[in-house]
Amino acid sequence: MINRRHIRVKVMQSIYAMQQSQSDDLVKEEKFLKLSILKMFDLYVLNLLLIIEVQKFAEKKIALSKKKILATKEDLKPNTKFLNNKLINTIKESVSLISYTEINKLNNWEVDDEYVKIIYDELLNSKIYKNYLDTVEDSFNVDRAFVIDFFREIIAPNEKLAEYFEDKMITWVDDIPFVNTWVLKTLSKSKNNANFLMGSLYKDKDDEEYVSKLFTKTILKMRDYEKEISERTPNWETDRIADIDMILIKMAITEFLNFPSIPVKVTINEYIEISKDYSTEKSSYFINGVLDKISKEFERDKKIVKIGRGLL
């Protein structure tokens, strides 16, 4: 599921895109933001489907080998451990996965089946695959461990696959590492003799509402926040502050004032960490200084009201 940090990143990117395009259609931009988050689930499902399709491809190869005129003993009696993998076969039978795939018409691996072959060839020549086929033990735990290694070491780091996903949807560029981790967590939690359960997109209704509230309130209060920031950065002209830094500071102010259950320290730390990945080398120090000053003055003036977990 999407966590709060990645939600913040998605909101930041949407605000930045809105500013760059000089759009003032808040409703349209909010819809695009929610769509980009929803599409993360497509990416999640496509990764699960790829595991299944590689197994299907292996099954076809084995069937063709048996039909060879000069079939070898190995061709006629192949090792079918991969085809009988308990976790993969459980994923294949998932009603929720099948339904989502059909409803959203995720036929990527039928249309672009060359990527299935790319992954299959890499798997076939890997130590992971050879060691798995040589494993005598036949258990769900062994099968699950293999699938986890298969995804983590072959599918997730594949550059051609990453390029393919990026070409399909530009917003997936930053989503790929997060979704890969999400898939691994799902595989790790899978249990023997149980239905395969896909992860949910949001942890709860609060997280879903957090997306809209953080985005809309930051956009609507942009001018007010710029004034707050300029008053506390007398040595900086507004246009000298990096665009991403300004957006992150404004988003943090929105959290200070509108999310009573989020502690001030959590907000500051989260936006500092995001700046390290998306802004300049010195941005984290600048953002920390500005937010620390603003938060203390807001607390002194009783503008910040925290309750429950927000008091931590």
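Q: What is to be known about the origin and numbering of the values?
A: The model is predicted, so local features need pLDDT of at least 70 and side-chain atom pairs count only at pLDDT 80 or more, while totals for chains, interfaces and linings use all residues. Residues are numbered from 1 along each chain as its sequence is written, and side-chain values use heavy atoms, with hydrogens and water left out.

Q: What makes Phe82 and Phe150 an aromatic pair, and of which kind?
A: Rings of Phe, Tyr and Trp (its six-membered ring) pair if their centres lie within 6.5 Å; planes under 30 degrees apart count as stacked, over 60 as edge-to-face and the rest as tilted. The centres of Phe82 and Phe150 are 6.4 Å apart, with 85° between the planes. The pair is therefore edge-to-face.

Q: Where in the chain do Phe82 and Phe150 lie?
A: Phe82 is in the loop between α3 (73-76) and α4 (86-92), whereas Phe150 is in helix α9 (residues 140-155). The two residues are 68 residues apart, and their pair links distant parts of the chain. Helices here are DSSP runs (H or I, at least four residues), numbered from the N terminus. Phe82 has a relative accessible area of 1%, and is therefore buried.

Q: Why is the pair of Tyr132 and Phe146 called stacked?
A: The planes of Tyr132 and Phe146 are 10° apart and their centres 4.0 Å apart. Tyr132 belongs to helix α8 (residues 127-134) and Phe146 to helix α9, 14 residues apart. Tyr132 is buried, with a relative accessible area of 3%, and Phe146 is buried at 3%.

Q: How many aromatic pairs does a search of the whole structure find, and which residues do ring pairs link into a cluster?
A: The search finds 17 aromatic pairs. Ring pairs link Phe41, Tyr44, Tyr100, Phe178 and Trp182 into a cluster.

Q: How do you know which residues Asn85 touches?
A: Contact means heavy atoms within 4.5 Å. Not counting residues up to four places away in sequence, Asn85 touches Gln55, Tyr132, Asp143, Phe146 and Val147. Asn85 lies in the loop between α3 and α4. With a relative accessibility of 0%, Asn85 counts as buried.

Q: What is the largest nonpolar core made of?
A: A nonpolar core is a set of buried Ala, Val, Leu, Ile, Met, Phe, Trp, Tyr and Cys residues joined through side-chain atoms within 4.5 Å. The largest has 100 residues, and those with the most contacts inside it are Trp109 and Leu187. The largest share of this core, 17 residues, comes from α2. In soluble globular proteins, nonpolar side chains tend to be buried together. Beyond four places in sequence, the residues touched by Trp109 include Leu46, Tyr115 and Phe165.

Q: Why is Leu38 described as partly exposed?
A: Leu38 has a relative accessible area of 46%. This value falls between the limits of 20% and 50%, and therefore Leu38 is partly exposed. Leu38 is in helix α2 (residues 26-66).

Q: What makes Phe32, Leu35 and Leu38 a patch?
A: Like charges are joined within 9 Å, and nonpolar side chains (Val, Leu, Ile, Met, Phe, Trp, Tyr) within 5 Å. Phe32, Leu35 and Leu38 form such a nonpolar patch on the surface, with about 260 Å² of accessible area together. Accessible areas come from the Shrake-Rupley method with a 1.4 Å probe; for residues, only the protein chains shown count as cover.

How values were computed. Patches are made of residues with over 30% relative accessible area and no salt bridge: like charges are joined within 9 Å, nonpolar side chains (Val, Leu, Ile, Met, Phe, Trp, Tyr) within 5 Å. A salt bridge is a side-chain nitrogen of Lys or Arg within 4 Å of a carboxyl oxygen of Asp or Glu. Buried means under 20% relative accessible area, exposed over 50%, partly exposed in between (1.4 Å probe, protein chains only).
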